[in-house]
Amino acid sequence: MAKNSPVEFFQQVRAETAKVTWPTRRETLITTAMVFVMVFLASIFFLVVDQILRFGVSTLLTLGH
């Protein structure tokens, strides 16, 4: 692996950063909204599953009582 000077390294980093396609503000906002919606849906799903499992386990435990 060739050794680069710090100046060369930062020039290469700058060149690579210029190649990056950055998202627009609108794309960022839409993606953020989608993340929040998916988090909300996942939390509702896990709440329902948790309640079903809680009910099942408590029912099983009361049968043996």
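T17 counts as partly exposed, at 37% relative accessibility (buried means under 20% relative accessible area, exposed over 50%, and partly exposed in between, with a 1.4 Å probe and protein chains only). The place of T17 is in helix 1. This is a predicted model: local features need pLDDT of at least 70, side-chain atom pairs count only at pLDDT 80 or more, and totals for chains, interfaces and linings use all residues. Residues are numbered from 1 along each chain as its sequence is written, and side-chain values use heavy atoms, with hydrogens and water left out.

**Overall form**

- The chain has 2 helices and 0 strands. Both kinds of element are DSSP runs, numbered from the N terminus: helices are H or I with at least four residues, strands are E with at least two.
- Helix 1 covers residues 6-19, and helix 2 covers residues 25-63.
- The radius of gyration of the chain is 26 Å, whereas a compact globule of 65 residues would have one near 11 Å. That radius is taken over C-alpha atoms, and the globule rule is 2.2 Å times the number of residues to the power 0.38.
- Along the principal axes, the C-alpha atoms fill a box of roughly 75 × 35 × 10 Å.

**Surface**

- Of the 65 residues of the chain, 0% count as buried.
- The chain exposes about 6,600 Å², and carbon and sulfur atoms supply 73% of it. Accessible areas come from the Shrake-Rupley method with a 1.4 Å probe; for residues, only the protein chains shown count as cover.
- V37, M38, F40, L41, I44, L47, V48 and I52 form a nonpolar patch on the surface. Together they have about 770 Å² of accessible area.
- Patches are made of residues with over 30% relative accessible area and no salt bridge; like charges are joined within 9 Å, nonpolar side chains (Val, Leu, Ile, Met, Phe, Trp, Tyr) within 5 Å.
- One of the patch residues, L47, is found in helix 2. L47 is partly exposed, with a relative accessible area of 46%.

**Charges and the salt bridge**

- The chain has 6 positive and 4 negative side chains. The centres of the two sets lie 5 Å apart.
- Lys and Arg count as positive and Asp and Glu as negative, while His and the chain ends are not counted. Each charge is placed at NZ of Lys, CZ of Arg, CG of Asp or CD of Glu.
- Side chains of opposite charge can pair when their charged atoms come close.
- The count comes to 1 salt bridge (a side-chain nitrogen of Lys or Arg within 4 Å of a carboxyl oxygen of Asp or Glu).
- E16 forms a salt bridge with K19, and their closest N and O atoms are 3.1 Å apart.
- E16 and K19 are 3 residues apart in helix 1, so about one helical turn separates them.
- E16 is partly exposed at 47% relative accessibility, and K19 is exposed at 59%.

**Spacing along the chain**

- T17 and F36 are 19 residues apart along the chain, and their C-alpha atoms are separated by 29 Å.
- T31 is found in helix 2 and is partly exposed, with a relative accessible area of 46%. The C-alpha atoms of T31 and V49 are separated by 27 Å, with the two residues 18 apart along the chain.
- F46 has its place in helix 2 and is exposed, at 54% relative accessible area. F46 and A33 are 13 residues apart along the chain, with 20 Å between their C-alpha atoms.
- G64 lies in the segment after helix 2 and is exposed, with a relative accessible area of 71%. From G64 to F36 the C-alpha distance is 43 Å, and the two are 28 residues apart in sequence.
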